[in-house]
Amino acid sequence: MKALSDFMDADEIRGLSSFVPNTREEYIKFSQLSYNLKLNTEVPMTVHIEPTNKCNQTCVMCVHPDMQRTVGFVEDDIAYKAIDECAEFGVYAVHFFFFGEPFMNRKTIDYIAYAKRKNIPVVSVTTNLTTIKRSEIERMVTDGLNSVHISFEGLNREKYAAIRGTDSFDKVIRNLDYLRECKAKHGRDNPWISMTYVRTSETDEEIETFKNLWKDRVNNFHISPQFDYIGRAKIRETQGDVNSEGIMKRSDADRLPCRQLWQRLVVLSNGELVPCSQNIDGELSVGNIRDMTIAEAWQGDKMAQLRGEHLTNRIPKDCVCSDCIDWDWSGKVDSRKKLGRSSIENILKDADD
């Protein structure tokens, strides 16, 4: 991968635009590079496919209870067309999740299996692990799912119920333990298990307590800052400032083009294609997969116009992006080395030399 200070000619830039990563390290580096250089890539690195926008929980930090879209399940022709195109075009990661609990759609496990048979490098799912059947848990292992991200604000039972609106604490633990049993039974390292926690008012000490409580059951933790969702989440009714956890820039003065516009595309359950993981109502659609391919939508006029508006910071007031303050999150690699002023000066000095 090119260093920030490298000069590239036209052929090299064109080569980067058509680059297809083969490893997770290449995928992470290229995702960052595509945004940093605003590359006109042929396809997104990540595609989300929404099995359903129905959910059985009412999390206080989620905008789902305020969703205006009709609730339903993805049709087979949409799901399989999306998977086929991802395999054909070289999309590296397919994630079965958007707004809703994926395993409320009993076909989700079949979509996962099909995506792995199509040799998509990384297939993952985010789930609250409350509606999944034991047979589906075992199939996650035997069908080759790469990673499962369990949404679980589980500091304790009371905290879980208060945040997620259901008392499913014990059920999640039983299903998680059964998943671990299935991995041991079949001698598999996958799916890699991540426990995700959206941080609202928790202290650092509480987060450490949470990690220590579950560290022997999972491979990794993803502690996420709270999203604003344009103030539509229930928690925003009583909250002052949205919690950025010291990670996200959110002021108008700091605003840069949204990371997501160069990294991902979402196939909604109704076939609409949106380039934003916070766009719950789908009004930011750049087309419908019934009428075009993922590649055509990604390279189309609507995406080009949206990117241009973000690049020039001239976003129309009637665009949902205009009031969004979550532009600094998606695709961000938190563990990468940050560039201080001295590092930037060294890069520029190297370029002059």
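How do the residues of the lining of the second largest cavity divide into nonpolar, polar and charged? They divide into five nonpolar, two polar and three charged, where Ala, Val, Leu, Ile, Met, Phe, Trp, Tyr, Cys and Pro count as nonpolar, Asp, Glu, Lys and Arg as charged, and the others, Gly among them, as polar.

Before I continue, the model is predicted: local features need pLDDT of at least 70, side-chain atom pairs count only at pLDDT 80 or more, and totals for chains, interfaces and linings use all residues. Residues are numbered from 1 along each chain as its sequence is written, and side-chain values use heavy atoms, with hydrogens and water left out.

Let me stay with the cavities. A cavity is a set of points, on a 1 Å grid over the protein atoms alone, where a 1.4 Å probe fits but cannot get out; lining residues have an atom within 4 Å of a point. Grid points are joined across faces, edges and corners, and a volume is the space filled by probe spheres set on the points. The structure holds two cavities of 30 Å³ or more.

Helices (H or I, at least four residues) and strands (E, at least two) are DSSP runs, numbered from the N terminus. Eight strands form an open sheet with mixed pairing, in the order β6-β5-β4-β3-β2-β1-β7-β8; two strands pair if DSSP finds at least two bridges between them. At the edges are β6 (220–225) and β8 (273–274), each pairing on one side only. Within the sheet, β4 (residues 147–151) and β5 (residues 192–199) run parallel and are joined by five bridges. V148 has I193 as its bridge partner in β5.

Next, the backbone. The loop between α7 (169–186) and β5 holds P191, and the peptide bond joining N190 and P191 is cis, with omega about 5°. In the loop between α4 and β3 (122–127) lies N119, a residue other than glycine whose phi is positive, near 65°.

Finally, the helices. Helix α4 (residues 108–117) and helix α5 (residues 134–142) pack at an angle of about 10°, with their axes 10 Å apart. Axes are lines fitted to C-alpha atoms, for helices over the stretch in contact, and angles run from 0 to 180 degrees between N-to-C directions. The two helices are therefore roughly parallel to each other, a term for angles under 35 degrees. I109, D110 and A113 of α4 make the contact with E136, R139 and M140 of α5, contact meaning heavy atoms within 4.5 Å.

Technical notes: Angles under 35 degrees count as roughly parallel, over 145 as roughly antiparallel, 65 to 115 as roughly perpendicular and the rest as oblique. On a 1 Å grid over the protein atoms alone, a cavity is a set of points where a 1.4 Å probe fits but cannot get out, and a pocket is an open set with protein on both sides within 12 Å along at least five of seven lines; lining residues have an atom within 4 Å of a point.
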